Amino acid sequence: MSTVGIIAIENIDKTIKSVMCSADSYIEYTGKILLENYNEKQRLDYLISYGSISILGPEIGKKHDFKAPREGWTWHNDYNIQTATPKNWCRFYHRDRGEELIIDHYKDEDELLNTYNDDSWAEFIYLYKNRKWYVKQNNVGTYTLLSEQLDYVKIIENE
């Protein structure tokens, strides 16, 4: 089972654009990559322009075979047959698998939250607004700063 997340950006007019990220959307992976690599509106807009994401990487990368193994995936059946794609590249459903381009639009943050309420299949919502990343777990009522959540995860890991 994958950890599904939503990656969203609030525009100047308070409307929201978002995409789904279907794998590894937990804070320690996707949250960390977003905070470290997609901390500018222009770069995040570019990421979202590709639509739904299978797995996020620090680099957007180039079009590649969706079925190709990623570097380090030694368990993949085609690992020795196909050329592996760099593990730091994003894998998109539209660009790399040819599926429909899906970018969701909401009139405001409330509409986004009403869509992904406690019963949602998305476990995390990442929202970039006012030049900061926020995260909300679907069973928690409020957003917190992503940087604070990552600091908390580091403390727990070191205990």
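Biologist: Buried means under 20% relative accessible area here, exposed over 50%, partly exposed in between (1.4 Å probe, protein chains only), so which residues of helix 2 are buried?

Modeller: In helix 2 (residues 41-48), Leu-44, Asp-45, Leu-47 and Ile-48 are the buried ones. Helices are DSSP runs of H or I, at least four residues, and strands are E runs of at least two, numbered from the N terminus.

Biologist: Where do they sit around the axis of helix 2?

Modeller: On the same side, because their arc is only 160°, taken from the directions from the helix axis to the C-beta atoms.

Biologist: What am I looking at, anyway?

Modeller: It's a predicted model, with local features needing pLDDT of at least 70, side-chain atom pairs counting only at 80 or more, and totals for chains, interfaces and linings using all residues. Residues are numbered from 1 along each chain as its sequence is written, and side-chain values use heavy atoms, leaving out hydrogens and water.

Biologist: New topic: is His-64 buried or exposed?

Modeller: Buried, because its relative accessibility is 9%. His-64 is in the loop between strand 3 (53-55) and strand 4 (91-92).

Biologist: What does His-64 touch?

Modeller: Leaving aside residues up to four places away in sequence, His-64 touches Thr-85, Trp-89, Cys-90, Arg-91, Arg-95 and Asp-96, with contact meaning heavy atoms within 4.5 Å.

Biologist: And which side chain makes a polar contact with the His-64 side chain?

Modeller: The Arg-91 side chain, at 3.4 Å. A polar contact is an N or O pair within 3.5 Å; within protein one must be able to donate a hydrogen and the other to accept it, and sequence neighbours count only if both atoms are side-chain atoms.
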